[in-house]
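Hi,

Here is the structure I promised to send over. Have a look, and my notes follow below.

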Amino acid sequence: MTHTGKCLCGAVRFEARELPMETGACHCEMCRRHSGGVYFGVQVPAENITYSGTENIGTYKSSEWAERCFCKTCGSTMYYRVTADGPHSGTYHIAFGSLDDPRGMKMTGEIFIDKKPDAYAFKGDHSTMTEAEVFAMFAAPLEG
């Protein structure tokens, strides 16, 4: 099944194939600043997503291992993408709010839970990871 999405003004559009029907919440400072609150992302392998209007995508290298992208016309958050080498390299985390039809999606996890502001909480059964656990997950494997 193919899912579609776009930014607020429609200058950037995408089609994603085999989209998992789940989203996750990130509470890190960068995601909060990039999205204006908690960032809900849907993980998509690079080979399963196609963008149009790419000339309208602005890219900001937010860390040594990732970039954050937005529409240069309307400012909508489009995605977070892992740029570091490793098993997650090239993976997109598209903004949940950019999906044309997000019905049926379930929230399955929260990361940087130890950085979550006190102003909100999500109910339901889902996994949580601290900052240290997230950094360990994305760390390059040790050579032995």
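The side chains of E110 and H126 make a polar contact of 2.5 Å (a pair of N or O atoms within 3.5 Å; within protein, one must be able to donate a hydrogen and the other to accept it, and residues adjacent in sequence count only if both atoms are side-chain atoms). Bear in mind that this is a predicted model, where local features need pLDDT of at least 70, side-chain atom pairs count only at pLDDT 80 or more, and totals for chains, interfaces and linings use all residues. Residues are numbered from 1 along each chain as its sequence is written, and side-chain values use heavy atoms, with hydrogens and water left out.

E110 sits in strand 10, residues 106-111 (strands are DSSP runs of E, at least two residues, numbered from the N terminus). E110 is buried but has no salt bridge, and K116, the nearest side chain of opposite charge, is 6.2 Å away. Buried means under 20% relative accessible area, with exposed over 50% and partly exposed in between (1.4 Å probe, protein chains only). A salt bridge needs a side-chain nitrogen of Lys or Arg within 4 Å of a carboxyl oxygen of Asp or Glu, and for charge, Lys and Arg count as positive, Asp and Glu as negative, while His and the chain ends are not counted.

On the cysteines: the whole structure has zero disulfides (pairs of cysteine sulfur atoms within 2.5 Å). For C9, the nearest cysteine sulfur belongs to C7, 3.7 Å away. C9 is partly exposed at 41% relative accessible area, whereas C28 is buried at 8%.

Cheers

Terms used
Helix = DSSP H or I, 4+ residues; strand = E, 2+ residues; numbered from the N terminus.
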